[in-house]
Amino acid sequence: MAASNLNRRQLVTVVGGALGGGIAGALFASDNKPKEGPPSSGAETKPAPATTPWPYHALDPDVTAERAFVGYSKAHCMYGAFEAVLGQLGEKYGDPYKSFPVAMMKYGAGGVNGWATLCGALNGGAAAIQLLSPDPNPLIDEMFVWYDKEALPDYVSKAAKYPNVPSVSGSPLCHISISNWCVKTGKKSFAPERNERCALIAASVARHVAFQLNKQAEGTKLVSALPQEAAGCMTCHEKGSALENARTKMTCPQCHFHLGTEHPKA
């Protein structure tokens with residue numbers, strides 16, 4: 001039979017006889033494969049859920065903290081706090097956690113690309129809570145109030161090189177948090193001690209997030225009242241008030257201290 005008269009199935013039969021069934025089978029099978037899309041790697045990837053929350057599995061808060069401390073050295077505060085949670089879940093449970101592009105959290109470094117706005121650790125912690133909690137809003141509020149009031153860092157890694165000097169931020173803003181620490185310690189904002197302090201802040205926040213998520217998974221409700229100063233300001237400046245010219249939950253006097261006696265009493 002002339003080669004020009006062979007159809008594809010007959011050609012496979014001829015080649016199979018000459019080279020073995022394996023190659024022939026592969027040639028024939030290729031005829032039935034989709035024509036588009038990348039070749040399969042052989043590894044099964046579970047598609048990420050289209051909605052949140054993703055299932056949460058309890059984590060050790062101290063292990064989470066130490067991972068965040070190490071993660072800070074890779075891509076700073078937001079990455080460290082977020083990866084400490086998602087990275088562990090990915091290693092233990094695979095996808096979808098493992099496939100999450102945690103590198104995107106690098107943008108939060110230094111209060112978002114160095115703008116010293118929202119503390120990157122809080123930003124990463126809130127992202128993890130939003131992704132994994134069935135009721136994230138109370139946890140995020142509680143975390144922010146905790147960060148506002150507590151002397152932090154409250155976690156110290158064995159790998160830390162400098163003495164830990166906790167300070168009270170009074171604000172979720174990176175700028176104020178670091179400035180208050182600088183005033184207390186007498187250190188510069190770009191000193192190596194401050195860099196390590198922020199790594200420990202990421203660790204402290206990541207540990208708190210794991211604690212919060214664990215408690216919520218156990219059925220405990222975490223609630224926290226907003227700072228008293230903010231609550232007082234809201235009576236005149238928030239939604240439904242006489243002025244309604246502001247929108248915040250932050251402790252106002254941290255930035256508006258200059259009002260002093262000029263500010264009318266409520």
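How many nonpolar, polar and charged residues does the lining of the largest cavity have? The lining has four nonpolar, three polar and two charged residues. This is a predicted model.

**Cavity**
- One cavity of 30 Å³ or more turns up in a search of the whole structure.
- The space in the largest cavity is about 30 Å³.
- Its lining consists of Tyr147, Glu150, Leu152, Ser167, Val168, Ser169, Ser177, Arg197 and Ile201.
- Strand β2 (167-168) and helix α7 (192-218) each contribute at least two residues to that lining.

**Salt bridges**
- The structure contains seven salt bridges.
- Asp141 pairs with Lys249, with 3.2 Å between the closest N and O atoms.
- That pair joins distant parts of the chain, 108 residues apart. Asp141 sits in helix α5 (residues 136-149), while Lys249 sits in the loop between α8 (228-237) and α9 (253-256).
- Asp141 is partly exposed, at 27% relative accessible area. Lys249 is also partly exposed, with a value of 46%.
- Glu91 and Arg67 form a salt bridge through their side chains, at 3.1 Å from N to O.
- Glu91 counts as exposed because its relative accessibility is 61%, and the cut-off is over 50%.
- Glu193 bridges to Lys187, the closest N and O atoms lying 3.6 Å apart.
- Lys187 counts as partly exposed, at 37% relative accessibility.
- A network of salt bridges links Asp62, Asp154 and Arg207.
- In general, side chains of opposite charge can pair when their charged atoms come close.

**Cis peptide bonds**
- The bond from Asp95 to Pro96 is cis, with omega near 10 degrees. Pro96 falls in the loop between α3 (61-93) and α4 (120-132).
- The bond from Leu152 to Pro153 is cis, with omega near 5 degrees. Pro153 is placed in the loop between β1 (151-152) and β2.
- Leu152 is also one of the residues lining the largest cavity.

- His76 has a positive phi, near 75 degrees, although His76 is a residue other than glycine. His76 belongs to helix α3.
- His76 is partly exposed, with a relative accessible area of 39%.
- Asn113, likewise a residue other than glycine, has a positive phi near 55 degrees. Asn113 is located in the loop between α3 and α4.
- Asn113 counts as exposed because its relative accessibility is 63%, and the cut-off is over 50%.

Definitions and conventions
Residues are numbered from 1 along each chain as its sequence is written. This is a predicted model: local features need pLDDT of at least 70, side-chain atom pairs count only at pLDDT 80 or more; totals for chains, interfaces and linings use all residues. Side-chain values use heavy atoms; hydrogens and water are left out. On a 1 Å grid over the protein atoms alone, a cavity is a set of points where a 1.4 Å probe fits but cannot get out, and a pocket is an open set with protein on both sides within 12 Å along at least five of seven lines; lining residues have an atom within 4 Å of a point. Grid points are joined across faces, edges and corners, and a volume is the space filled by probe spheres set on the points. Helices (H or I, at least four residues) and strands (E, at least two) are DSSP runs, numbered from the N terminus. Ala, Val, Leu, Ile, Met, Phe, Trp, Tyr, Cys and Pro count as nonpolar, Asp, Glu, Lys and Arg as charged, and the others, Gly among them, as polar. A salt bridge is a side-chain nitrogen of Lys or Arg within 4 Å of a carboxyl oxygen of Asp or Glu. Buried means under 20% relative accessible area, exposed over 50%, partly exposed in between (1.4 Å probe, protein chains only).
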